[in-house]
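Hello,

Please take a look at the structure below. My notes on its aromatic rings follow.

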Amino acid sequence: MNQSETVLRLSTNENCFGCSPLVLEAILNKYKDVYLYPEVNPIALKEKLAKKYSVNPDNIVVGAGSVRIIDGLIQTFVGREQEVLTFEKSFIAYGQLSIVNNRKCSFAPLTEFRCVPENLIPFINFNTSLIFIANPNNPTGTLITHSELENFMEKIPSDIIVAVDEAYAEYVTDASFPDTLALQKKYPNIIIIHSFSKIYGLAGMRIGYAIMEEKFAVRMNKGQIPFSLNYLAADAAIAAMDDENFIQKSSKENALQREYLFEELSKNYTTVATQANFVYLQFDSETEKHQVYGKLFAQGILICDMKIYGQEKSLRITVGDAEACKRIVACLT
Ligand SMILES: Cc1ncc(COP(=O)(O)O)c(C=O)c1O
């Protein structure tokens with residue numbers, strides 16, 4: 001690695017602009033009190049989220065990262081003989097946490113890198129009780145549209161919970177992105193997962209949440225680990241939500257740089273149209289993939305080799321700021 005270059009971490013889809021200064025202020029106001037236990041029920045945050053989505057605070061479940069919510073969903077809604085269903089080439093935690101919880105997880109194939117909900121249907125059986133759909137999908141960045149999700153919900157039994165994971169929703173610019181809250185009113189078996197780790201820049205804080213029917217939230221909350229939310233997280237999340245300018249700027253800049261990176265990389269590589277803050281590259285061979293990874297690594301640019309997710313011939317690059325994207329393009333073209 002060339003030590004004179006700044007190391008650029010573009011492997012885990014964090015916000016390249018960090019977090020809002022309001023978050024830092026909120027943390028500084030509270031950090032001396034970390035000897036105290038956190039509140040068990042972060043009511044101020046729940047109320048703020050409830051207002052944002054026009055739901056009741058009792059519809060919100062907050063967890064230590066959305067992975068904790070995913071874990072809780074499996075523990076709460078998948079009985080011993082029941083099963084989880086998701087897509088292959090999707091967020092790795094769905095399968096991993098099914099294994100951790102000793103539950104079977106089946107994987108439906110993608111169609112040309114897209115999570116097509118219809119593809120899940122042949123995999124549904126009497127034991128299927130929870131389906132995870134990442135929208136946009138990680139790692140391919142593709143979108144499921146409103147009508148695709150609605151058609152799917154219409155076809156499946158209403159006792160199967162469909163957890164739509166919208167960790168990257170704030171980066172989406174495509175108008176066909178589902179109004180999942182509206183769909184949830186029609187299909188209460190939808191649970192919507194959100195993260196504060198992406199556009200809100202709080203990955204290290206570990207905080208996420210989900211919106212669901214109150215009866216589901218009651219069951220989820222019973223399974224919460226006491227005091228699992230750290231003392232600073234809820235206040236940091238409130239401050240992050242308060243800085244609308246920061247979110248707008250992050251989203252706008254991401255859309256610009258995403259397009260630039262996608263267009264440039266598409267000239268030489270197989271890329272997938274993305275609605276998130278990362279670009280997925282598919283190669284014909286592992287050798288070719290290693291070459292691209294190696295070139296970037298030599299320049300101090302760390303990206304995600306999808307081999308760790310069982311995808312041997314692909315890479316995922318987080319969209320950075322303008323300078324970072326120029327460095328990538330200069331290195332690869
Ligand atoms: C689709 C998806 N959902 C959830 C998460 C996890 O987010 P959190 O940091 O809130 O646990 C990620 C993280 O990369 C993700 O890609």
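Over the face of which ring does R316 lie? That ring is F278, with R316 at 5.7 Å from the ring centre. Please bear in mind that this is a predicted model.

Here is the rest.

**Aromatic pairs.** The structure holds eleven of them. F278 is in one, with Y168 as its partner. Their ring centres are 5.1 Å apart and their planes stand at 80 degrees. An angle over 60 degrees counts as edge-to-face, so the Y168 and F278 pair is edge-to-face. This pair links distant parts of the chain, as Y168 and F278 are 110 residues apart. Y168 sits in the loop between β6 (161-165) and α6 (180-186). F278 belongs to strand β10 (residues 278-282). Both Y168 and F278 are buried.

**A stacked pair.** Y293 and F297 also form an aromatic pair. Here the centres are 6.2 Å apart, with 15 degrees between the planes, and the pair is stacked. Both residues lie in helix α10 (residues 286-298). They are four residues apart, about one turn of the helix. Y293 has 24% relative accessibility, so it counts as partly exposed. F297 is partly exposed too, with a relative accessible area of 35%.

**A cluster.** Y53, F196, Y200 and Y209 are linked into a cluster by ring pairs.

**Another charge over a ring.** The charged end of K249 sits over the ring of F17. The distance to the ring centre is 4.4 Å.

Best regards

Note on methods:
Residues are numbered from 1 along each chain as its sequence is written. This is a predicted model: local features need pLDDT of at least 70, side-chain atom pairs count only at pLDDT 80 or more; totals for chains, interfaces and linings use all residues. Side-chain values use heavy atoms; hydrogens and water are left out. Rings of Phe, Tyr and Trp (its six-membered ring) pair if their centres lie within 6.5 Å; planes under 30 degrees apart count as stacked, over 60 as edge-to-face and the rest as tilted. Helices (H or I, at least four residues) and strands (E, at least two) are DSSP runs, numbered from the N terminus. Buried means under 20% relative accessible area, exposed over 50%, partly exposed in between (1.4 Å probe, protein chains only). A charge sits over a ring if NZ of Lys or CZ of Arg is within 6 Å of the ring centre and within 35 degrees of the ring normal.
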